[in-house]
Amino acid sequence: MQGQTKLISFDGREIRLTTGRYAPQAGGSVLVECGDTAVLVTSTRSTGREGIDFLPLTCEFEERLYAAGRIPGSFMRREGRPPERATLISRLIDRPMRPLFPSWMRDDIQIVATCLSLDERVPADVLAVTGASMSTLLAKIPFMGPMAAVRVGLLGDDFVLNPSYREIERGDLDLVVAGTPDGVVMVEAGANQLTEQDVIEAIDFGYEAVCELIKAQESVLKDLEIKQVKPESPAEDNTLPTYLDKNCSKQIGDILKEFDQTKAERDQKLEAIKEEVSISIQALKEDNAVRKVVSENGKSLGIAFKSLTKKLMREQIIKQGKRVDGRSLDEVRKIDAAAGVLPKRVHGSGLFQRGLTQVLSTATLGTPSDAQEMDDLNPNTEKTYIHHYNFPPYSVGETRPMRSPGRREVGHGALAERAIVPVLPEKDTFPYVLRVVSEVLSSNGSTSMGSVCGSTLALMDAGVPLKAPVSGAAMGLIKEGKEVRILTDIQGIEDFLGDMDFKVAGTEKGITALQMDMKITGLSVAIITDAVNQARPARLHILEKMVEAIDSPRDSLSPHAPRLLSFRIDPELIGTVIGPGGRTIKGITERTNTKIDIEDGGIVTIASHDGAAAEEAQRIIEGLTRKVNEGEVFTGPITRIIPIGAFVEILPGKEGMIHISQLSEARVEKVEDVVKVGDEVTVRVREIDNRGRINLTLRGVPQHGEVGIQEPTPTPVAPLN
């Protein structure tokens, strides 16, 4: 089982690529290691399937909790459905790999990355992306690579390559750049309102490191004497494309130039032309070459018709600078925004529409116990801001089965979530757990950025004190040779037939999230710079329309949202509040009808729809945790009587005992001769014994109605910082 290991010195760290040792029956395999993180990546190809018109590529990231020395928390104690973060990493592998396979390939290709060991200083995701390229090259699958990926962080003024989890959390940038020798092929980023220039410099910095990893892969292939299989297009039969070009080009071109029509009208007209040409082909003689091509492959006409439409649309943009809806290249569609569109039973709501893309977002405020627990390899164990994205079939005028969210829904929700996180209030000042759900009601391009805008409206309507509102726009690209056109606010057809989908979200101050996907093999940093800069005026224009709908967070929360009180207690007294078996805290919640959460650091959060009830619970907890000193005087009720004395509630939830000998200056035969349950008495703390028990006395203490009565002065609780 001897393998070959290639060592790469990479920004002070060593990356190890081991080939020929693991998974010998896979098409190609590589173990990628850095620190104590190890990811096994395999690529396997099987025979192509007949009758499909797409590349059946699947990319899987498999988490194994043994990699972090943990046992799964499920009932079965084994890994089940992939957690959300694993799904996002699977997409992170897929997005830069997919455009690098030839468009004509129909073979099943499966890339599986399994995290075998995890070092908290070294995230596994970018190692898996680079490993996917290496294993595919080793499998001798036609592939326009090599491709590699790195992460870029920003600590202070310095960029950091492949930062640790803690450095990512502390820094102002989390950027993943993937590229090929031809340029950048994928960007994924979250940023703390960074300027466009900072983000561009980070992409350029990351791509330089990508080039080093590409050279390392080429070196491995050379050492193993493996020749990379470059894709060679099979001979194409141009009979049908030539026929369509001659008979349909003018009609399709005329439809694409009708700028005042709706999407549905345009689609209907294009479909009618396709039906007409289909009928005309069927009417040809049986020995006609065009009819023969169509009859042998029922999907050939649709593929060729789509290809011709794509060519004509792109020519119109390149030569005339006009898009199918008549907009100029940098023009945003009509914007409509509204906040508070649903009853206040929903804590916050926002409706955002850009052209035919319409998103309804809702915001729900929850308590700390509503945080989502994360049972995966990431060191962060919970999420307090959750964004869910739903894409029903009616949003595109279709019917299909309604199933659980797929990878696309998970990915779009994560992008919108990432865009909002940098502007959320600090937990100490606003301890709510937040969930936003974006329902795509109509889709014609850039629903993820519509979700960002809708989320901002909903959160502000819910009264969440955002640091700044966030908007987003999707940029597109048409590249023909040296001719390049960047499109602002792309719609569905431009996304479908274009070369790039570049989503940019941010505030007036700067960028909070980026996501760029390509359909070509790479893009220069210069073109990316133009796209980022062209997105800024579009974002600000959209932001202006949103601010017209709601210019600041509501002054008050929905009456149906929980009210939270937060304060800090001594962490050593948490056990006192919880009580044996949780009896004390359970009694407080039942008595006040509240929900109480206590963090390890001593932060107590009380949730209730009744403000007075929450304040009562706070008084009880403060009483339980307040330090009582000898000599202090308190007034409280007699709560219970035993033969040797009586108990007094001197503070909410805290009792002390008056021994029978301390009830009076004179001898007392029976406790009930002096006090009974419910009596209000004033007592002095006589002593606190070595077990923490509070012993009280009535002797020498003036009672109500007597001269010189002393009332206790509560010790104030320090506010949260």
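Tutor: Two strands pair if DSSP finds at least two bridges between them; helices (H or I, at least four residues) and strands (E, at least two) are DSSP runs, numbered from the N terminus. The model is predicted, so local features need pLDDT of at least 70 and side-chain atom pairs pLDDT 80 or more, while totals for chains, interfaces and linings use all residues. Residues are numbered from 1 along each chain as its sequence is written, and side-chain values use heavy atoms, without hydrogens and water.

Student: Over how many bridges do strands E18 and E20 pair?
Tutor: Strand E18 covers residues 471-480 and strand E20 covers residues 500-506. Within this pairing, Gly-472 has Ala-505 of E20 as its bridge partner. The two strands pair in the antiparallel sense, and the number of bridges is 7.

Student: Which strands stand at the edges of the open sheet of 8 strands?
Tutor: The sheet has antiparallel pairing and the order E8-E7-E9-E10-E21-E20-E18-E19. Each edge strand has a single partner strand, so one side of each is left without a neighbour in the sheet. The edge strands are E8 (158-161) and E19.

Student: By what angle are neighbouring strands of this sheet turned against each other on average?
Tutor: Axes are lines fitted to C-alpha atoms, for helices over the stretch in contact, and angles run from 0 to 180 degrees between N-to-C directions. For neighbouring strands of this sheet, direction is ignored, and the average turn is 20 degrees.

Student: How many of the residues of strand E2 are buried?
Tutor: Buried means under 20% relative accessible area, exposed over 50%, and partly exposed in between (1.4 Å probe, protein chains only). Strand E2 spans residues 13-19 and is largely enclosed by the rest of the structure, because its buried residues number 5 of the 7.

Student: Which residue in the turn between E1 and E2 has a positive phi?
Tutor: Strand E1 (residues 4-10) pairs with E2 in the antiparallel sense over 7 bridges, and Ile-8 has Ile-15 of E2 as its bridge partner. E2 is also joined by 5 bridges to strand E3 (residues 28-34), again running antiparallel, with Thr-18 opposite Leu-31 in E3. E1 and E2 form a hairpin with 2 residues between them, and the turn residue with a positive phi, about 55 degrees, is Asp-11.

Student: How far does helix H12 reach from its first C-alpha to its last?
Tutor: The expected span of a helix is 1.5 Å times one less than its number of residues. Helix H12 (residues 525-549) has 25 residues, and its buried residues include Val-525, Ala-535, Arg-539 and Met-546. The reach of H12 is close to the expected span, and its value is 36 Å.

Student: Is the ring pair of Phe-101 and Phe-143 stacked, edge-to-face or tilted?
Tutor: Rings of Phe, Tyr and Trp (its six-membered ring) pair if their centres lie within 6.5 Å; planes under 30 degrees apart count as stacked, over 60 as edge-to-face and the rest as tilted. The count comes to 4 aromatic pairs. With centres 5.4 Å apart and planes at 45 degrees, the pair of Phe-101 and Phe-143 is tilted.

Student: How many residues apart in sequence are the parts that Phe-101 and Phe-143 tie together?
Tutor: Phe-101 lies in the loop between helix H1 (84-97) and strand E6 (108-117), whereas Phe-143 lies in the loop between helix H2 (125-138) and strand E7 (148-155). Both Phe-101 and Phe-143 are buried. The pair therefore ties together parts whose separation in sequence is 42 residues.

Student: Which residue has its charged end over the ring of Phe-391?
Tutor: The rings of Tyr-389 and Phe-391 have their centres 6.4 Å apart and their planes at 15 degrees, so this pair is stacked. Tyr-389 is buried at 2% relative accessibility, and Phe-391 is buried at 14%. A charge sits over a ring if NZ of Lys or CZ of Arg is within 6 Å of the ring centre and within 35 degrees of the ring normal. Here, at 4.3 Å from the centre, the residue is Arg-408.

Student: How many residues apart in sequence are the parts tied together by Arg-354 and Asp-489?
Tutor: A salt bridge is a side-chain nitrogen of Lys or Arg within 4 Å of a carboxyl oxygen of Asp or Glu, and Arg-354 and Asp-489 form one at 3.6 Å, N to O. Arg-354 lies in strand E12 (residues 348-354) and Asp-489 in the loop between strand E19 (483-488) and helix H11 (492-497), so the parts they tie together are apart in sequence by 135 residues.
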